[in-house]
Amino acid sequence: MKFSWKILFCTMLIMAVACGASGYFFVNYVFQTSMERETRQALDESSILRFAFETAALNIPSKYDVLPDGTVEQIGVYLENSGQHGNRLLRISDENGKVLYASEGFTGDTSLWEERGENTRVYRVVQSGDSYYIQTQTRINVSDRLLTLETMKNITAVYTERTEGFRMYRQVTVIVLLCSGAVMTLIACWLTRPIRLLTRATGKMAEGEYSYRAEQISNDEMGQLTADFNHMAEALEQNIQNLENEVRAREDFIAAFSHELKTPLTAMIGYADMLRSRKLDDERHFLCANYIYTEGKRLETMALRLLDIIVTRRKEIDRKTTNVSGIFSYLQEIYDETKNPEDGRVKVDICWEKGELYAEENLLKTVLINLTDNAIKASEEGQTVEITGRRMENGYYFQVRDEGIGIPEEELQKITEAFYMVDKSRSRAHNGAGLGLALCTAILELHHSRLKIESTLGFGSCMGFLIPDEGVNADE
């Protein structure tokens, strides 16, 4: 069952119970009030008749010591005829319960009455056919006679009013329920509209439309639920996009890796087959063996870089405060032979400011060596590669600058991808595999940093990164 129908039915049930209960108590309250009024009137009338009977008996000539039965009957006729519209019924009984006078239609049962005191008045409601009466009883002590005076007052109209009241209230209740049902249907539809919109949004997302958003039409709890759902949908869409990008990147990685393996392996197999199947002179034999060795070293480098990337992305590093002098001294030892370059060799200048940083020293050395090797490979003979370091407010900044061929602007966003090489022939000539910058990016991510690349085609490149201090995230 729909939620809107549940709201409607529950509301209608509550209203029906409320209207029924209130109608019952209201009509019954009016009935009880009317009954109390009629009872008071019947008792008052009984008292008046008693007084009238006593008065009439005292006016009888005193030639009788005891009031005769015939006189009692005459007084009863007089009292009955003095009533208004014939609405009064009387019955007079003697000491032994013998009826001395009874109005026509008086049906009260004398066996139900107990002995009462002289001044006691009692009453009860009796039903005769479709009519209802209030029957009263009182005792009269006059002229040595102890008589019982009973009256019956017709109160059928009170019961008729109660029945009519219930009938009318049922009709009013039905009309109210129908009208309120129509109104509650509109209200239920309005209240559940956000749910319908959310249901439609979930259906759209289940069909693959992850960009679909539910319309927020209120600022209440349902509006907040809609806003939270849209936020969840945005996060889900972003996660799916990330997964798709990751899958695409893996596919590209596999394709690039297969391509990078195919070319050298094909050549190595060809040269190896030539060495195996033919007798070559020393020069050709050396060329074949040298090519196999060179390509083998490139594949070895590629395998080691891939292993480094995988290991780097899966481990937690132990960062600690380190003096930068140790890092730059290590670089000076590696590139010491470039201080006095011989004929046309690329020169490497290293300059740094003293300071400390919060990092894993060996990983930073790997980053700087990779950036420097790339800069050397991109440079021509006689050009200079500069490695600098300077202390900044929130960390230590490293920079590697070269005067080489530069990188086209459209290639800047791709060069950190695995196996991506701007100049493949130049990279392969230096045993490059396009994994150095990918490894650098992975290491810098562990240090909460990223690589900043600036390059102008034909004028060289500059690559730098900031290692933030402890508790600080890098802005660049």
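Let's start where Cys189, Trp190 and Leu191 in H3 meet Arg193, Pro194 and Arg196 in H4; contact here means heavy atoms within 4.5 Å. Before going on, note that this is a predicted model, in which local features need pLDDT of at least 70, side-chain atom pairs count only at pLDDT 80 or more, and totals for chains, interfaces and linings use all residues. Residues are numbered from 1 along each chain as its sequence is written, and side-chain values use heavy atoms, with hydrogens and water left out.

Back to the helices. H3 covers residues 156-191 and H4 residues 193-206, and their axes come within 4 Å and cross at roughly 45°. Helices (H or I, at least four residues) and strands (E, at least two) are DSSP runs, numbered from the N terminus. Axes are lines fitted to C-alpha atoms, for helices over the stretch in contact, with angles running from 0 to 180 degrees between N-to-C directions. H3 and H4 are therefore oblique to each other, the label left over once angles under 35 degrees (roughly parallel), over 145 (roughly antiparallel) and 65 to 115 (roughly perpendicular) are set aside.

H3 also takes part in a ring pair. Tyr24 and Phe166 are stacked, 6.1 Å centre to centre with 15° between the planes. Tyr24 lies in helix H1 (residues 3-58) and Phe166 in helix H3, so the pair ties together parts that are 142 residues apart in sequence. Tyr24 also pairs edge-to-face with Phe25, at 5.5 Å and 75°. Rings of Phe, Tyr and Trp (its six-membered ring) pair if their centres lie within 6.5 Å; planes under 30 degrees apart are stacked, over 60 edge-to-face, and the rest tilted. Tyr24 is partly exposed at 44% relative accessible area, while Phe25 counts as exposed at 57%. Buried means under 20%, exposed over 50%, and partly exposed in between (1.4 Å probe, protein chains only).

Now for the inside. A nonpolar core is a set of buried Ala, Val, Leu, Ile, Met, Phe, Trp, Tyr and Cys residues joined through side-chain atoms within 4.5 Å. The largest one has 35 residues, and Leu357, Leu371, Phe398 and Phe465 have the most contacts inside it. H8 gives the most to this core, with 7 residues. A second, separate core of 16 residues includes Leu67, Ile92, Leu100 and Leu149.
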